[in-house]
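The following paragraphs are meant to be read with the structure open alongside. Please keep both the sequence and the coordinates in view.

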Amino acid sequence: MSKVIISCAVTGAIHTPTMSKALPITPEEIAEQSIAAAEAGAAILHLHARIPETGEPSGDPDIFARFLPVIRQRVDSIINITTGGAPSMPVAERLRAAIRFSPEMCSLNMGTMNFGIFPAARRITEWKHGWEEPYLLNSDDFIFRNTFRDIAYILEALGEGGTKFEHECYDIGHLYTLAHFLDRGLVKPPFFVQMIFGVLGGIGPDLDNLLFMKRTADRLFGDSYQWSVLAAGRHQMPFVTQAALLGGNVRVGLEDSLFIERGRLAVSNAEQVTKIVRILAEMGHEPASAADARAMLGLKGGDRVAI
Ligand code: KMH
Ligand code: ZN
């Protein structure tokens, strides 16, 4: 049996509280769903924070401090703190938690781009909170900023403490940007490439694109990288299944899709993890443990974080 790293992105900053009551908002909910996702088979937990009272995305390390230690005490999973925050958040704000907690991994978005989450607002007429509708609608004028200088700064500031990265690549050009930082010696093998499909502003969820991304990454990086796939919305499960068929690792979680199947909301992150574990088993794969994933990705270890 071959091992597949399952990442679970537990809450994110794309979906809003009105969209699903399963979306974890408070520190207690984020901790509880993260622990359940880990127990279901997720080796990596990709984490964002939200203001508990409103569900608004937040970069405040004091909010992260209310759930990270709880997760760490209960499960051995690799903690991966976002540096993407929310598309509207300034870069300095996005980095505060990763700098404070020096996790084994953090996300690193590999290019400035449009990031349109406004179509989701069309279907909703009654909102739980006043911030949700303008937050989504104004994404038609956001610039999700990740300049070369930002990326270099994050690689240096966090790399110094031994943090490694989930390199978020939303298009072919982002792979070339990653190759550039490899040439500069700021990224060192083995590194982890998260190929992202179906974000409005990035590459679309088509099998041809997946093959194109994979072939391009192979040409640029040879065998010095591990790859994983996530797809937004309804493409999530079919697309990560395709990736697993091709030998890739997978990311699921309510950050990427609120659904468990067409027309049915997931009841939790763990439900999505359980489903992909079942699909992987049918293919003869088993979930990598956190220890397996640490070895595959060359991570510093769960005892060398400031959580
Ligand atoms: N929301 C995903 C499409 C981050 O946190 O840095 C990408 C993401 C960004 O997870
Ligand atoms: Zn994220």
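Begin at Ser228, which stands opposite Asn249 in S11. This pair belongs to the pairing of S10 with S11, which is parallel and involves two bridges. The model in view is a predicted one.

From there the sheet can be followed on to S2. Strand S11 covers residues 249-252 and pairs in the parallel sense with strand S2, residues 6-9, over three bridges. Within this pairing Ile6 is set opposite Val250, and the partner of Ser7 in S11 is Arg251. S11 is covered on both of its faces. Asn249 and Arg251 are buried on one side, and Val250 and Val252 are buried on the other.

The whole sheet can now be put together. Eight strands, in the order S2-S3-S6-S7-S8-S9-S10-S11, close into a barrel with parallel pairing. On average, neighbouring strands of this sheet are turned by 25° against each other, direction ignored.

Strand S6 (residues 78-81) runs parallel to S7 and is joined to it by two bridges; here the bridge partner of Asn80 is Met105. S7 also pairs with S8, again in the parallel sense, over five bridges. In S8, the residue opposite Leu108 is His167.

How many of the residues of strand S7 are buried? The strand spans residues 105-109, and five of its five residues are buried. Met105, Ser107 and Asn109 lie on one side of S7, with Cys106 and Leu108 on the other, so that both faces are covered under the buried cut-off of less than 20% relative accessible area.

Helix H1, residues 27-40, lies across S2 and strand S3 (44-47) and runs at about 155° to S3. Helix H8, residues 207-221, lies across three strands: S8 (164-169), S9 (191-197) and S10 (225-231). The angle between H8 and S9 is about 155°.

Next comes the ligand. Which residues are closest to ligand 1? Of the 13 residues that surround ligand 1, the closest are His48, Thr82, Ser107, Asn109 and Glu255. The side chain of Ser107 has an N or O atom 2.6 Å from an oxygen atom of ligand 1. For the side chain of His48, the corresponding distance from an N or O atom to a ligand oxygen is 3.0 Å. Gly84 approaches through its backbone, with an N or O atom 3.2 Å from an oxygen atom of the ligand. Ligand 1 taken alone exposes 310 Å², of which the protein buries 96%.

The last stop is Asn146, in the loop between helix H5 (132-137) and helix H6 (148-159). Is Asn146 buried or exposed? Its relative accessible area is 4%, and therefore Asn146 counts as buried, the cut-off being under 20%. The side chain of Asn146 makes a polar contact of 2.5 Å with the side chain of Arg94. A polar atom of the Asn146 side chain also lies 3.1 Å from the backbone oxygen of Gly111. Leaving aside neighbours within four places in sequence, the residues in contact with Asn146 are Arg94, Asn109, Gly111, Thr112 and Ile151.

Key. Residues are numbered from 1 along each chain as its sequence is written. Chains are lettered from A and ligands numbered from 1 in the order in which they are written. This is a predicted model: local features need pLDDT of at least 70, side-chain atom pairs count only at pLDDT 80 or more; totals for chains, interfaces and linings use all residues. Side-chain values use heavy atoms; hydrogens and water are left out. Two strands pair if DSSP finds at least two bridges between them. Helices (H or I, at least four residues) and strands (E, at least two) are DSSP runs, numbered from the N terminus. Axes are lines fitted to C-alpha atoms, for helices over the stretch in contact, and angles run from 0 to 180 degrees between N-to-C directions. Contact means heavy atoms within 4.5 Å. A residue is near a molecule or strand if one of its heavy atoms lies within 4 Å of it. A polar contact is a pair of N or O atoms within 3.5 Å; within protein, one must be able to donate a hydrogen and the other to accept it, and residues adjacent in sequence count only if both atoms are side-chain atoms. Accessible areas come from the Shrake-Rupley method with a 1.4 Å probe; for residues, only the protein chains shown count as cover. Buried means under 20% relative accessible area, exposed over 50%, partly exposed in between (1.4 Å probe, protein chains only).
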